[in-house]
Amino acid sequence: MTATGTAPLGYQWQKNGGAISGATSSSYTTPATTSSDNAAQFTVVVSNTGGSVTSNAATLTVNATTPASFSTWVAPSLTRVGKTDAPGAVSSIALFGARGETVDTQVVVQGPAGGLTSVNVSATALTGPNGATIAASSVTLYREYYITVTGTASYGGGSNPPLGSGTYAEPLIPFNDPETGAALCNSSATLKACNASVSSGQNQPYWIDISIPHGVANSPAGTYTGSVTVSSSQGTSTIPVSLTVWNFELPMQPSELSLWTLFPAASGNTTTTVARALMRNKVMGWYDPAGNASSDVTNMGLNRSGLDSYYYIGIQCNGSYSSVPTTSQINTAAANFPAGLGLDFYLSDELNGCTGDYNAIKTMGANAHAANRSVKTMVTLNATDPNLYGAVDHWVLLDSLQQWPTLPFTAGGDLWSYTSCNAGYGNAPEWMVDYPPINERIQAGFLNFTQGATGLLYYRADGWTAGNAIGSWNNVDTTACGGGLGRPGDGIFLYPPAPIGSTESAPGIRLKAIRDGIQDYEYAHMLKSLGQLSVVDSTVLPIASSWSNWSHDPNLLQNVRTQLGQLLHQLAP
């Protein structure tokens with residue numbers, strides 16, 4: 001609607017002569033329509049101090065669609081949908097989240113007799129209070145890809161066994177290039193999200209991310225509605241969407257730190273593309289190129305960077321190393337990054353039982369701590385080492401070996417957790433493909449919080465088995481622990497860009513679960529900052545009391561998140 005006159009101009013949209021509640025903007029987007037809305041008359045009354053005028057009527061035409069002859073349903077994001085699972089009973093999407101949060105769900109399509117062809121998924125904008133809109137561009141859609149894996153071997157025999165060999169949905173094929181926004185459907189790529197075929201009795205899940213914009217003016221609290229449509233040559237199904245935005249906001253930079261991938265980027269990736277594919281999911285790479293850091297802080301939520309691109313430390317058990325920069329050299333490197341950004345060095349990797357490394361670690365710690373700005377040091381170990389208190393800032397501990405220190409940890413530095421191909425005693429969360437995705441989410445979220453951890457580390461994101469090619473999508477079986485022990489998906493949280501025709505690697509469901517866990521952590525961290533730690537503990541500890549005692553029930557986790565979100569909403573000014 002375009003109107004001219006003395007400002008300010010007021011707007012009130014009407015349907016068939018009656019005012020539409022909350023429709024007071026210069027434009028109006030209808031909610032999902034049905035055949036009963038056909039021929040509805042829409043007008044808008046424009047007013048200012050001089051009076052009012054009513055526009056000419058616009059007539060809505062609702063085109064008939066072929067009714068769906070196939071089953072569609074909604075599945076929670078923590079449900080791994082099997083290829084032949086029976087249809088679910090949930091037919092609409094209902095999500096809750098904060099400003100600055102990405103919430104997610106799945107829509108599943110099952111092929112009827114004769115199958116489906118040209119299956120596509122689209123989403124509308126979401127319309128909320130007083131005409132506020134969350135644009136359709138904030139809804140990111142993926143087609144889930146099934147891969148067959150050899151199950152995790154010799155997991156440790158504890159309370160967290162793998163599901164075993166089988167076929168699982170894991171990689172996510174995007175409809176659009178995440179960096180450029182370009183539709184990937186018209187490319188010559190091997191894998192495409194669009195125009196899928198679904199055989200009779202087979203399921204095709206689609207992953208849906210909804211990113212709630214920052215800023216109360218952009219996303220005022222309230223309920224937003226829209227729809228997701230599954231179309232095919234055999235018919236169309238429309239799924240209503242309801243999103244409740246709570247009246248609080250997650251920070252652009254996550255409070256929980258992370259370091260993901262201690263290897264150079266694989267062929268087909270660059271340091272920048274890996275970092276951004278991870279940061280879209282609130283996870284940080286090893287180090288950010290200094291030239292990108294300012295924009296990545298502002299636009300991607302970068303909350304730390306290594307200085308390891310300037311000096312790779314690489315301390316070994318016998319005390320040898322690749323480099324130990326002086327304080328002056330550290331100052332020069334640090335000056336390339338924006339003020340306030342956390343900086344660090346990764347000193348050594350799993351030097352358990354070593355003592356010859358002490359002098360080098362202590363020297364590196366002293367040099368970093370004398371720098372003009374805070375530069376932290378980190379090591380990965382099974383347990384903290386009192387001989388290195390004061391030299392190490394981030395103690396990154398392998399949770400599966402259950403040598404976590406007594407809490408609260410006050411001996412110097414802070415605690416991070418990491419998982420690896422070493423499943424230890426088989427009780428702690430594991431991140432292989434044949435484990436339910438609650439494993440990733442609860443470690444990154446509520447377990448890290450209750451165990452006093454402030455960060456999360458993983459050794460690689462793009463350890464592909466067949467390079468930048470389709471083989472790396474189809475085969476994620478790795479034997480990184482040696483001895484032929486299968487570890488499906490170990491070191492693989494991103495999938496190669498070439499097969500999908502994208503400029504950036506694709507995420508998987510496990511990476512989405514990590515992101516959701518980082519957001520869970522933020523809820524608990526915010527409430528702690530508001531003096532509500534006792535409430536957080538009484539709510540979260542029953543499902544996340546230790547690395548060997550945690551709930552595997554997705555419904556309990558979601559209920560805890562909802563309770564914390566409602567409390568934050570109530571406490572909002």
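Gly157 sits in the loop between β12 and β13 (166-174), with strands taken as DSSP runs of E, at least two residues long, and helices as H or I runs of at least four, numbered from the N terminus. Keep in mind that this is a predicted model, where local features need pLDDT of at least 70, side-chain atom pairs count only at pLDDT 80 or more, and totals for chains, interfaces and linings use all residues. Residues are numbered from 1 along each chain as its sequence is written, and side-chain values use heavy atoms, without hydrogens or water.

**Gly157**
- Gly157 counts as exposed because its relative accessibility is 59%, the cut-off being over 50% with a 1.4 Å probe and protein chains only.
- Between the C-alpha atoms of Gly157 and Leu388 there are 33 Å, and 231 residues along the chain.

**Largest pocket**
- The largest pocket holds about 1100 Å³ of space; a pocket is an open set of points on a 1 Å grid over the protein atoms alone, with protein on both sides within 12 Å along at least five of seven lines.
- Ser137, Ser138, Thr140, Ser211 and Arg280 are the closest to its centre among the 42 lining residues, which have an atom within 4 Å of a point.
- β12 gives the largest share of this lining, four residues.

**Cavities**
- Five cavities of 30 Å³ or more turn up, a cavity being a set of points where a 1.4 Å probe fits but cannot get out.
- The largest cavity has about 50 Å³ of space, and its lining includes Ile93, Val139 and Ser227.
- The second largest cavity has about 40 Å³, with Trp286 and Arg304 among its lining residues.

Definitions and conventions
Grid points are joined across faces, edges and corners, and a volume is the space filled by probe spheres set on the points. Buried means under 20% relative accessible area, exposed over 50%, partly exposed in between (1.4 Å probe, protein chains only).
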